[in-house]
Amino acid sequence: MGEFKVHRVRFFDYMPSAIRAMAFNSHTERLALVRADGALEIFNFADHYFQEKVIPGQDGRAVEALCWVGQRLFSAGLNGEITEYDLENLRPRYTVEAYGGPIWTIGSNKQGTLLMVGCEDGTVKMFEILKERIQFQRNLERQKGRIVSLSWHPSGTLIAAGMMDMIRIFNAETGHATHRMLVERGVGASKSREVVVWSVAFLSDYTIISGDSAGKVQIWDGLTGTLVRTHLVTKWDVLCLSVSQDESSLIAGTSEGTVVQFQFISSTVDQQEEEWVRTRTFKNHSHDVRALAHTETAVVSGGMDTQLVVRPLLDKVEKNTQESAMRKIALPHRSLVCCAKKAGLLLFQFPDHLEVWRVGESDGHGKPGDSLPVKRKPEKLIQLKGKGGDHIYSSALSPCGEWLAYSTVSSVRLYRLQYNNISITKVSKLPKDLCLGHQLCFSSDSTKLFASSRHSSVIVVALNQLECKYLHTLKPKSGSRQPVHLLCTSEDGKWLATANTDCEIHVYDLHKRKLHCTVPIYSSCPTAIAIHPTTSHLVVVHADQQIFEYSLVQKEYTEWSRKLQKQGLHSLWLERDTPVTHVTFSLKNPAHIILHDMFMFCIIDQSLPLPESKTLLYNQMTLRSLPEQERIRHSHAFKICKNFKHVMCVSLLEDHSLVVVERPLLDMMSQLPAPVRQKKFAT
Amino acid sequence: MVEHGDIRVVHRGGSKINFRKPVITNDSRFLLCASGESVKVFSTSTEECIHDLRGHTDLVTGVLIKPSNHLQAFSCSADGTVRLWDFTDGILIKVRLLPSIVVCPVLSVSVSSQSLFQLVAVHLPQSGDQLVEARELSAVLTGISSNPAATVFGRGGEYIASANGLQLEVYFFKKQKAYRFSLKEDNKKGGKNTFTCVACHPNDDCIATGHEDGKIRLWRNFNHKKEYTYSTLHWHHSAVSSLSFTPEGTNLLSGGIESVLVQWRYNQENQRDFLPRLGAAITHIAVSPDGALYCTSHSDNKITIIQSCVKVSAVIQGLVKGESVGTDLMIDPRSKSLVLNGKPGHLQFYSLQRDKLLYNLDIVQQEYIHESGLQQFEVVKAAFDASGNWLATVEERKQKGAELELNLKLWAFDEQTQSFVLNTTISAPHEAQITGMCFSHATDSQTTMLVSTSKDGHFKAWQLAAQSQTDGKQPSVCPCPSWSCDFVGAYHGLVPECCSFSADGSLLAVSFQEVVTVWSPASWELLTTLSQPPKAIRNLCFGRLSCSKYLLGTTDSNLLCCWNLLTCSLEWSTSMDVSLLLADPLSENMAAFCCQAGCTDLFVFKPSEPRPLFSQKAVCSGMVTRAVFAPREEMLESCEESSQWLNRSQLYFLTQYMDLMTFTTKTEEERLMASSKQLVIDDSVAMTPFYLLLGKHRQQQQGGDDPQSGVSAERTPLPQGSVAIKELLQTPAHVLPSTSFLCSMFVQSLLISVTDSSKHAEEEMESEKEEEDSEEEIESSRTRPEQQAAVGGGEAAESAAPAMTKAQVRELRRVKKLDHSWLAGLLDS
């Protein structure tokens, strides 16, 4: 495996923000998730829960609710606006002011023709969904008090609205309120506080289920407006509800961090009469569960503790399969760290600012496993605040460390750095074509900047001391409209590879300035790509953990890749639940491929035999105990190191030392606010 | 168990009442529970034992009300029979033999039984015979838990749920299909998922299971292989030992080591009620069929009856059994009750005759803290003097790293309060653990003496200090005498083990490891030493009565020696590994328990005779270390030689599983059976001495009610109680005479009792009554002694019965002539 001097970097104070709302589209199996800072993330549940797209947020945009209408995604927030997202160009398409004060909730009818929002001023506003926009249609009868939650009956005739202290049922045609159901307040001191109906769900059998701030999940008869049952679930608030597609299961998220499941079960075996019975309780969160989605097979929950948890329902999935394992998605599936290999600099990307650090130095020598004394401490060179309230989408630092570029939804900015007396100057005149950059990347000699633009095209800009000049645009032939999410260049500056969320990988010849080839499309989305500096092989790792090596010269898969596919990857490798987010190569040994995911980093030695299905995959410890001769016999290509946890980046510097950027979850947890007080046994 | 002649080892008195789940009858008046080899019927209101249903010859392993007749109950036993009882009258109705050993029954229309961890359905043959052999057995489930709480019938007997280890199995009878659900061994937090008990909801398809880690799971949808679901309730911090739904299914009761009964609302599980401080870990929970009463069995052999408003209403306490008995078994000379360790820090006085706990005596007088790992004061030794006036107790506390704390307490019997009162506390009587303690047996002498031996190498004699010491200068000091040390003895620095006084109190034998020293308590001089081939002495015992010249001892080297104290020489010795040697205080007999190959043998012998009176091999498994001769209330007349030793007293012993066993003879059993038949009394009244007294009195009164006793006696039969009305109300309608006849009789009964007092009518009335009574007697199949007694007075007048009809005809004629108009007015008013 080789020995490395490792820079163990733990000063990246990355803190994801709390999950606010989510919406699951069961047709496309995409989960849309919005965080407290307004950032939107799209996860593809069909493809190993891979985080496909991210739309950064904006200062002052607090999204409260999300809603899928077919393939279109709408959000509404406390700024009183309804936004539709452009998922191809990863930006808000347009916003419409609802003129009703802050919007608490959004919903659509089953047919996908109407959108309704609940406003602070007590109105439910209906919008007609047109092809390119939405248009205000009418208001329902105005109520006193804000509308906190809404749910449309599947037939489209009735609407249930959760308010303060009550639930209203509206006739969708006439717009008049037909029922008024009072929700009981909490007991004791909270008797004087009005109860908020945080969430309602209108089922097709005219049952209304509500969750409120007194900790109750209540089941109502929507036709008569009577209370059927009350389940006291928590001492605190029930914040969200979600009903499964077939309406046989219901989940409720609470402030205690628990998710409570209710099931619609017949009380005796042979009878048809069914009732809602509280069954399971999941406790996967330490803080409020703010958003829930009930998929066919799993409970998806997220909240204040920023983690997205996918908890499979064991009665719906096969036992002991990959599907039955619980997943916690804590870190983003894309790189937020950029490493300038030659200069030994690190660029950390935060939602609203960038930091440039110089890694520490040490001249000590020690045994493997020792920590060396630090001669020069790591230092923060630059902190660059984003302009204009838009959050940063992507950023890049040139290998020499002299150029820094970042992009937001609206613009791309380029800076020139000087380190002898630290200064930063903005390059003011940028070519007009460079306005959108989903991904940014510098060439290895720092003379070119690549920015991916709309429809998977890449804009090439030449940089020199004096000016910055637009060269040309590279376009794929496929005509895909999806954005590029991975971009990489070769060391010799000849190749540029792009990967988009349609799973296409295009390779461009930069000398000829045209498309060189397209890698055969694999069904799973690529999560990391890299071009080997000497052999010009493209290494692609996909969300389903498959690894491919593609020869750019021969335009075919290499021998090693074919062998790997033939033999198949080790089952333990395939069972890992975090994607590989970064691939680099060793400068010393061209046969080594270095890649990492959240829990490990791995060096694949292409000269060694591949592991058989029965051999031990994680065999570093056993190898160490064996004598020298036997080691060779037992060693295989995958050398996995699990010394580092919650890895955000592993990169190799020019002096052959390894930079490992860690973000321990415990540090993130300690930055969260205190959770609600809970009595623990024996405390 | 090996039968020896007609002497058997039985559970009698002090047996476990918490062995199996008790059953409450439909009217909530009685509680049935398995107790040793019998089924006991307790009254739920008075806590008294009403019947003792005897008949099984081995441990009763389950009791169950017959579903089709709620006045009958099934019981099953390890002797392989299922018996059907009429528990209100205590009558055995039927016996059914099962070919295999029955371990426990479960509830259903057909009685099911478990044998070798297999659940079988038994088809009960319908036959009139009292003894029926059931042959039709069909296995329902195999590999089930031996714990009967882990198998239960669900909703109307449609399915059966059984848990074993980590697997729950549900079997549907109609579909004949079984579903199995298993849990992981341990969850991530280290909780143990092993099932401990199961309960089924009476109306819904919901199974509640208790688990090792204190969780309760409510299973639903279990008729699906995969889509089953459960919710979890968690309050208990350690294993849930019992679960029960109330009959309507509105509440779920659970209990465990915490000794707290938890009542969960079904479907609103976060609302729960607690009944804390029940005293000991809950082992079983039972609910009455009408839901009015709950009852919980506890590990300290107690049944608590709880009203459904979660309030304790009665406590039935059996013999308290802890992990071990520190003190010997003793007999209180006054109350003839068995005395041993009871609740922590207490001595219990248990009446063996009445099978009832008399009272607990708090020895330690400190709060006991229910927490494992705490070292607290424990009563380790106790001794009574011969008259029962004095009780000596030793309590000790051994803490890690701390010095041993010892207290010797002497208690005097107070005639006024009829209990023991603390007289003297001697803290640190010895420097090390006390190994033996005994009182001088002399009943006549005023100087009661106590000798204690200790590991510190001394034995001490304690004496009640003379009165003069206390009333010398300070008259204000408590005038009652207290105890103080009289003599400290030692022998070559050896550690004394046992001590024993001779029957007349003139000699004290103390064993110092392998040497037996004999002292004179009067002068404290060492009279002689007796020793045997080296090995420490284990037991030391003086002979009684005619054998008082003998001293017996057992050694570690499997030797039983008998010394003659007159010659100071070894009379005889025999090689046997005696674990316990015991002398009967009322006869010359000695009992020796020998441990051999994991079993205990019993030998009863007289020291003067070389041949044992009685011997029985394999009395029980394991070693017997505690036993006692309890004097009988009345002497048994047994002529058989082998059972004569049981005539005056009864031998009780504790097995290693803390079961109190005794020996019984056939004649005794027969007598008991006979007496239990005689003791058929009115249902609701407990068979107390008070009742017997009253009952006798009433019988006498009724007997004395002869016809000529006068007018005052005439008032006693009230109209409701009069025979005519009884006849009218109790006779079946189809055998009643015509209404006109009845009406006249009815009117007549009213007339006589209220108005007319003429001698003639009175006589007629009496004779009529007699006739009715005699008729009733012939009709009723079961003769009640009570009724017999009531009728007995008039038996002689039976010959007058034929004349009765004439009298009636005459009376009828007279009534016909009477003007009935007033009757309407009477009826209207």
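These are my entries, one topic at a time.

**Ground rules.** I'm working with a predicted model, where local features need pLDDT of at least 70, side-chain atom pairs count only at pLDDT 80 or more, and totals for chains, interfaces and linings use all residues. Residues are numbered from 1 along each chain as its sequence is written, chains are lettered from A and ligands numbered from 1 in the order in which they are written, and side-chain values use heavy atoms, with hydrogens and water left out.

I looked up S31 of chain A, residues 345-349; strands here are DSSP runs of E with at least two residues, and helices are runs of H or I with at least four, numbered from the N terminus. Are its residues buried or exposed? Five of its five are buried, and buried means under 20% relative accessible area, with a 1.4 Å probe and protein chains only. A:Leu346 and A:Phe348 point one way, while A:Leu345, A:Leu347 and A:Gln349 point the other.

Next I checked its partners; two strands pair if DSSP finds at least two bridges between them. S30 (residues 337-340) pairs with S31(A) in the antiparallel sense over four bridges, and A:Val337 sits opposite A:Phe348. Four residues lie between these strands in the hairpin, where A:Gly344 has a positive phi near 70 degrees. S32 (residues 353-358) is also antiparallel to S31(A), over five bridges. Here A:Phe348 has A:Glu355 as its bridge partner, and the hairpin has three residues between the strands.

**A:Arg576.** I found A:Arg576 in the loop between helix H2 (571-574) and strand S50 (582-585). Why does A:Arg576 count as buried? Because its relative accessibility is 8%. Its side chain makes a polar contact of 2.5 Å with the side chain of A:Gln545; that term means a pair of N or O atoms within 3.5 Å, and within protein one must be able to donate a hydrogen and the other to accept it, while residues adjacent in sequence count only if both atoms are side-chain atoms. The backbone oxygen of A:Trp573 lies 3.2 Å from a polar atom of the A:Arg576 side chain.

**Chains A and B.** Last stop: 21 residues of chain B are in contact with 23 residues of chain A, contact meaning heavy atoms within 4.5 Å. About 1,800 Å² is buried between the two chains, that is, accessible area (1.4 Å probe) lost on putting them together, summed over both. In chain B, B:Lys226, B:Thr229 and B:Asn267 lose the most area to chain A.

Note on methods:
Buried means under 20% relative accessible area, exposed over 50%, partly exposed in between (1.4 Å probe, protein chains only).
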